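I opened the notebook to record what I looked up in one model, entry by entry.

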Amino acid sequence: MAKKTGLGRGLGAIFGDDVVDSPQAEKEKTNVSRETSLDDNKEEPGKEYMMRLSVIEPNREQPRKDFNQELIGELADSIKKYGVLQPLLVQKKGERYEIIAGERRWRAAKEAGLKEVPVVIKEYTKQQSMEIALIENVQREDLNPIEEAHAYQQLMQEFELTQEEIAERVSRSRTAITNCMRLLKLDKRVQDMLIQGQLSSGHARALLTLENGDSQYQVALKIIDQKLSVREVEKLVKLLGKPKKEEKPKEEEKDLSFIFRDLEERMKQVMGTKVIINKKDRNKGRIEIEYYSEAELERIVELIESIG
């Protein structure tokens, strides 16, 4: 049996071992077919052929939207030296062939100036095509977190897969799938920062505590500007999430002020001098009685003693 590649159990378990056979094994199995022209109408699914790049097109359901041009250039340099070592997986679509797995190799081969590339032709449903493309990208860590989350969301919405079923297909835990999809709740501006690599997934998950999109965006800007760690962000959003102390109704404060001013005026009439009530709250405070001479002080003291 041919040795498996590093794509994991996802592709082999779902779509058959021939999908994940090593390039060398495929070459040994189909050495004669490589010389076969597809124009001779001898196309056989599962065999490897050399196919013109001009008849191959990308898969519209490809979850990966952002391709790193620098990495494509590096792969193109490798292809110039060694060729395309692993065939592209394609399926017939009208007069052309659609890529199921291997778009990065296809782009690099074009940049390298190749006219044709090795392919294996298979037939899949729309769901299977998308799952294979997702598995290849996820297991090679080619997707950014938002692309990955959108791919999971599409599988759930279009094909009614559960998170458990998706987790099984891509060899991830259900928790990992859930955490990834939660990122779609972030403000669109924050999602763009995540796509561009300005924020990590850890930073982004910490921001989910903030329900307001503007708050998420403002904190995200602070993360970038101040180079905050994930722990610092968690502390910051926790602080922002604390409820503010309730302020006493303004009407109540107005009523209390009126009462104390009235009491100050009544005491002024009794003391014959200015009296100030410094209140701490409704039940506590301090009374200040002003005097302007020693004689006036003796008068106030005598007045207080007479009350007793």
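Which residues of helix α12 (residues 230-240) are buried? I found V233, L236 and V237, where buried means under 20% relative accessible area, exposed over 50% and partly exposed in between (1.4 Å probe, protein chains only). Seen down the axis of α12, these buried residues fall within an arc of 95 degrees, so they line one face of the helix; the arc is that of the directions from the helix axis to the C-beta atoms. On the other side of α12, I noted R231, K235, K238 and L239 as exposed. Helices here are DSSP runs of H or I with at least four residues, numbered from the N terminus.

A note on the source: this is a predicted model, in which local features need pLDDT of at least 70 and side-chain atom pairs count only at pLDDT 80 or more, while totals for chains, interfaces and linings use all residues. Residues are numbered from 1 along each chain as its sequence is written, and side-chain values use heavy atoms, with hydrogens and water left out.

Next I looked up E74, which is found in helix α3 (residues 69-82) and is partly exposed, with a relative accessible area of 45%. The C-alpha atoms of E74 and A108 are separated by 8.3 Å, although the two residues are 34 residues apart along the chain.

I then turned to L263, which is found in helix α13 (residues 250-271) and counts as partly exposed at 31% relative accessibility.

Last, I checked R189, whose charged end sits over the ring of Y217, 4.1 Å from its centre; the cut-offs are NZ of Lys or CZ of Arg within 6 Å of the ring centre and within 35 degrees of the ring normal.

Terms used. Helices (H or I, at least four residues) and strands (E, at least two) are DSSP runs, numbered from the N terminus.
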